[in-house]
Amino acid sequence: MTEETMTLEVTRYRPGHDREPRTQSFTVPNRKDWVVLDALNHIKDRIDGTLTYRWSCRMGVCGSCGMMVNGVPKLTCAAFLRDYRSGPIRVEPLANFPIIRDLVVALDDFMDKLRRVKPWIIRAVEKPVSDGEYLQTPAQLDAYKQFSMCINCMLCYAACPVYGLEPAFLGPAAIALAYRYNLDSRDEGYRLREPVLSEAVGVWECTFVGECSVVCPKGVDPAAAIQRSKLAGATDWLLSMIMPWGSRR
Amino acid sequence: MATRKTSEPFWWLLFAAGGMVAALLVPVHLLVHGLAVPLGWTSISHARMLALAGHPLVKLYLFALIALPLYHWAHRFRFILEDLGLRGLRTPIAILCYGAAVLGTVATLWVLWQI
Amino acid sequence: MTVPRVERPGLFYPKLPATWWLRNANYFRFMLRELSSVFIALFLVVFLVQLHRLSQGPGAYAAYLETLRAPGWIIFHVVALAFALYHSVTWFNLTGVVQVVRLGERQVPPRLVAGASFALWAVVSVVLLWFLLRG
């Protein structure tokens, strides 16, 4: 019995050797239940052990296997071979990021930006543990829940032409997470995040292409978070113009 | 840069106001003044148009109708140019775009003043 | 201005070409949406000239309307109208995304906000038409 096959056109880049990335074709079994990540694992195990890529959970939670599949940012653990008919399937590293090796991109820039927006609950005064939890109603949870689903997979950055053109742009996920904590009824950190968001390369750099929200595998809507942050920032600004003496939130 | 940091919300508010005005009002005016009247589907006499445009409230309306979408244009056009790769020239582009909108605002005031 | 990024040796830094907006349909629609502002602004400039001619007397006004009858101007206005409608549709759709409306504790679904915007657009357009075309 001859098994059906699929051709994968995979980006290869060896630091120190290659001036720029090149493409290498691999033929892998085309199994109905295989995802692109399975095909990459097959290549690494059976064909070329030097192929380098990131993965971990294999179930769309860890956010480490994001790559460009036929030019679209995807979690390769959720991109089934059968959805690409007879192929070939182009597998490239996430767009807009520096390539370290093969399909592995540098995360430093995103990690720095994530840290800058302080994506954690900030309290003016922490209450002692003995005083119990910070309670929240279901409606208060609903206000931010959607934005808390982010798994930091960076597909939104790969989909964002503004980030591709301006690497200093704070970007979709970082802003969505800042917004998530700003919306949290337990959080009091708005004023600490505001200076980072209100920079020119913060929310104002975004032109609302909207592709970040299209590619998000978790249904987060970073584009909405950014535009709403603009509206909040502009309202703040207007209030500070009308009432310079007034206190900002 | 401190100046850009503080001026972005200002331009964005003008952009948003202009975008709203353009979305709500421009299609009808375009249909009437750009197509229906020139093609003779309907006619608005000079006297009636003049009487309309001469009313202070209508002038205020016309000012908002024309001037605000100019800032909507300026904002979007500025980013179109930047998105097409002219990032090295962002400051001159911003000055040219918003400057053109300001000039347009002055021209609108002048024309409405004459009516 | 932003500080240029420091490129680390050994890494490959991809450059996004100026033609990125031809890469997928959403990018292209985005560019059309942004470009609509150009046609809207051009129409408003033409309209401003029309108002200027209006103030110069019936002769000047009639002559300008005659100019606008030329095929080139008609084509321009048809194209501009298409872009203006595209702007309205995209703008009201996105309004639902940007503007959070709350009723009590609940957030009104963005689709409903967009729907209300479209309804407002329809009402305003009809009122305007009536105002311009009566008598």
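Two residues count as in contact, or touching, if their C-beta atoms, placed from the backbone, lie within 7 Å. Keep in mind that this is a predicted model, where local features need pLDDT of at least 70, side-chain atom pairs count only at pLDDT 80 or more, and totals for chains, interfaces and linings use all residues. Residues are numbered from 1 along each chain as its sequence is written, while chains are lettered from A and ligands numbered from 1 in the order in which they are written.

Select A:Cys156 to begin. Leaving out residues up to four places away in sequence, A:Cys156 touches A:Pro172, A:Ala173, A:Cys212, A:Val215, A:Cys216 and A:Pro222.

Next, colour the chain A side that meets chain B. Here 13 residues of chain A are in contact with 12 residues of chain B. Helix H9 (222-242) of chain A gives the largest share of chain A's side, 5 residues (helices, H or I, at least four residues, and strands, E, at least two, are DSSP runs numbered from the N terminus).

Now hop to A:Pro88, in the loop between strand E4 (72-75) and strand E5 (89-92) of chain A. A cis peptide bond joins A:Gly87 and A:Pro88, with omega about -5°.

Is A:Asn96 buried or exposed? It's buried, with 26 other C-beta atoms within 10 Å (buried takes 20 or more, exposed 12 or fewer, partly exposed in between, with C-beta atoms placed from the backbone).

Last stop: A:Phe208, in the loop between helix H7 (190-197) and helix H8 (211-215) of chain A. A:Phe208 has a positive phi near 60° and counts as buried, with 21 C-beta neighbours inside 10 Å.
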